[in-house]
Amino acid sequence: MSVDLVLRSRRTVLPDGERPAAVVVGDGRIVAIVGYRDQVPAVVDNDLGDVALLPGLVDTHVHVNEPGRTEWEGFATATLAAAAGGVTTIVDMPLNSLPPTVDPAALAVKRAAADGRCHVDVGFWGGAIPGNRHELPGLYDAGVFGFKAFLADSGVPEFPPLDPGELAAAFAAVPALFVVHAEQPDQLCSATSSTRYADFLASRPPAAEIEAVSAAIATARATGARMHILHLSAAGAVPLLAAARDQGLPVSAETCPHYLTLTAEEIPDGATEFKCCPPIRGRDNQDALWSALADGTLTCVVSDHSPCLPALKTPDTGDFATAWGGIASVQLGLPAVWTEADRRGFTLADVVRWMAQAPAELVGLTAKGRLAVGADADLVAFDPTASYHVDPGRLRQRHPVTPYAGRRLTGIVRATWLRGAPVTIDEPRGRLLVRGTDDK
């Protein structure tokens, strides 16, 4: 019986490691994994040779900004950029769009804006802000994958932070996964006009993250809530997370490609394209983050894709105090991480675990993030030896602003398939995902 597609690679990255194999696809799912040279009648049989075959990445930390700030990004451009970077599933953050996703009505607006515009599958986070605790159960029932909370200023007035008591109350309101931006407000310095990166870095010291992570873990311990620390930058918080894990607390954490590949020492003054919150820190800190990935204390690597208008990101003044604090990198995360991971002796299987399998497991997407029978045929042809210099004009995101401009990266996404069909610019086939299912 003929199947739809067979993809063969000498470097197929399976859950138990990398080996020559062929992935057999029927009706959008993986129906078999066979030997590299095994013959299977198929409509399309494609031998990738030494180009690696990976599962589609799952990026659980993406700011799409639509509706309300669609001029910053939008579902069409964000999901094209994702697919170009080997990402086949994103989970959209609840802020920067207007309205923010803090009640079921706002979620309906968000889903309507996304419907028919997505080139990859898209799920949604809800938001926990002061005064919306009563909305959280309804949002959860409507299918969000959990709730994001800030402990410090979010950067937009419509999404204010929670204090420790409000965070505990939100934890108690619904038995959901909470993802937390952990910086302690009283450890952050007031923004002052400066073009010096060192001044911006000093305004958000490691202590801000360490104290906030400690407080968030204490709240999770007291309430029994499941909690995930977002975009960890300060490696000084890693021992707190390791201790929580060893104590059996349901606490996990992620980091991002920019923390793993860029360093404070290389950021020129006035180069506001590097600004993000928490900030990019020094080389020794970066080494410690890689060690935390190696020992499993950090489980996920996700983009925190957070674009905006170019004038907001790179003002003529080069002022770090006023520039938007986010990096748009959903298309570049895989090659950026692979470039540094390979240099440090990690494997493609490690990268797949951090960027596909673990994020899928975090949000309960059982059909995503792995090459296995029954999983969605979300597939990526990735050439791990080809290198190139980043040309911002070739990025699919709405605005070509990136701190990776001109940087030499190794690894090129040659093709991306969503449920067994190639992702194309003219046919958005992404589905809107609901917690507990992998379908619309």
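1. Strand S11 (residues 177–181) and strand S12 (residues 226–229) run parallel and are paired through 4 bridges. Val179 faces His228 of S12 across this pairing. Two strands count as paired if DSSP finds at least two bridges between them. Helices (H or I, at least four residues) and strands (E, at least two) are DSSP runs, numbered from the N terminus.

2. A word on the basis. This is a predicted model, in which local features need pLDDT of at least 70, side-chain atom pairs count only at pLDDT 80 or more, and totals for chains, interfaces and linings use all residues. Residues are numbered from 1 along each chain as its sequence is written, and side-chain values use heavy atoms, with hydrogens and water left out.

3. Now the overall picture. The protein has 12 helices and 17 strands. Its radius of gyration is 21 Å, close to the 22 Å that the globule rule gives for 440 residues, so the protein is as compact as a globular protein of that length. The radius is taken over C-alpha atoms, and the rule is 2.2 Å times the number of residues to the power 0.38. Along the principal axes, the C-alpha atoms fill a box of roughly 65 × 45 × 45 Å.

4. Where do S11 and S12 belong? They sit in an open sheet of 6 strands, ordered S9-S10-S11-S12-S13-S14, with parallel pairing. Strand S9 (126–127) and strand S14 (300–301) are at the edges; each has a single partner strand, so one side of each is left without a neighbour in the sheet. Strands of a sheet pair through backbone hydrogen bonds, either parallel or antiparallel.

5. Follow the sheet on from S12. S12 and S13 run parallel and are joined by 3 bridges. Ile229 stands opposite Ala253 in S13. Strand S13 (residues 251–255) is in turn joined to S14 by 2 bridges, again parallel. There, Glu254 is opposite Cys300 of S14.

6. There is also an open sheet of 3 strands, in the order S6-S7-S8, with parallel pairing. Its edge strands are S6 and strand S8 (121–124), each pairing on one side only. From one strand to the next, the twist averages 20°. Strand S7 (residues 87–92) and S8 are joined by 4 bridges and run parallel. Thr89 has Asp121 as its bridge partner in S8.

7. Helix packing next. Helix H4 (residues 164–173) packs on helix H6 (residues 206–223) at an angle of about 40°, with the axes 10 Å apart. Axes are lines fitted to C-alpha atoms, for helices over the stretch in contact, and angles run from 0 to 180 degrees between N-to-C directions. H4 and H6 are therefore oblique to each other. Angles under 35 degrees count as roughly parallel, over 145 as roughly antiparallel, 65 to 115 as roughly perpendicular and the rest as oblique.

8. H4 passes H6 in a right-handed crossing. The test is whether the near helix is turned clockwise from the far one by less than a right angle; anticlockwise makes a crossing left-handed. Ala, Val, Leu, Ile, Met, Phe, Trp, Tyr, Cys and Pro count as nonpolar, Asp, Glu, Lys and Arg as charged, and the others, Gly among them, as polar.

9. H6 also meets helix H7 (residues 238–246): their axes come within 9 Å and cross at roughly 15°. H6 and H7 are therefore roughly parallel to each other. Here the crossing of H6 past H7 is left-handed. Ile210, Val213, Ser214 and Ile217 in H6 touch Leu240, Leu241 and Ala244 in H7. The contact of H6 with H7 has 6 nonpolar, 1 polar and no charged residues.

10. Most residues other than glycine have a negative phi, and most peptide bonds are trans. A cis peptide bond joins Glu66 and Pro67, with omega about 0°. Pro67 is in the loop between strand S6 (57–62) and helix H1 (75–84). Cys277 and Pro278 are also joined by a cis peptide bond, with omega about 0°. Pro278 is in the loop between helix H8 (257–261) and helix H9 (283–294). Asp304, a residue other than glycine, has a positive phi near 50°. Asp304 is in the loop between S14 and helix H10 (310–313).

Conventions. Contact = heavy atoms within 4.5 Å.
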